[in-house]
Amino acid sequence: MDGRQPLNTSWMWRTDDGEVWGLSLDAERALVEWFDGIGCACGDSFAVQTFADFLQTGPRYGDPPADVLAEIYASLRALS
């Protein structure tokens, strides 16, 4: 092993109203997949955003907390 940590590509966070949001990075398609109401077992993402759009304009949904957002940006830059 080279000592590097694996790249994180999925996150979940709780919002102020108690909902759980999440997103996953699809490196092959360069897409951010958005999930809401995770506890409902609803299945697929409800929206997608390109890596380029996320890096240029920021998150379009879910209002990720600052620590999660910093990790997402780090992973996006490594994958772009």
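Ring pairs join Trp-13, Trp-21, Trp-34, Phe-46, Phe-54, Tyr-61 and Tyr-73 into a cluster. The model is predicted, so that local features need pLDDT of at least 70 and side-chain atom pairs count only at pLDDT 80 or more, while totals for chains, interfaces and linings use all residues. Residues are numbered from 1 along each chain as its sequence is written, and side-chain values use heavy atoms, with hydrogens and water left out.

The structure holds six aromatic pairs; rings of Phe, Tyr and Trp (its six-membered ring) pair if their centres lie within 6.5 Å, and planes under 30 degrees apart count as stacked, over 60 as edge-to-face and the rest as tilted. One of these pairs is formed by Trp-21 and Phe-46, an edge-to-face arrangement with 5.6 Å from centre to centre and 80° between the planes. Distant parts of the chain are linked by this pair, since Trp-21 lies in strand 2 (residues 20-26) and Phe-46 in the loop between strand 3 (31-35) and strand 4 (47-50), 25 residues apart. Helices (H or I, at least four residues) and strands (E, at least two) are DSSP runs, numbered from the N terminus. Trp-21 is buried, at a relative accessible area of 17%, whereas Phe-46 is partly exposed at 38%; buried means under 20% relative accessible area, exposed over 50% and partly exposed in between (1.4 Å probe, protein chains only).

Trp-34 and Tyr-61 also form an edge-to-face pair, with 5.6 Å between centres and 70° between planes. Here Trp-34 belongs to strand 3 and Tyr-61 to the loop between helix 1 (51-57) and helix 2 (66-79), 27 residues apart. Trp-34 is buried, with a relative accessible area of 0%, and Tyr-61 is partly exposed at 32%.
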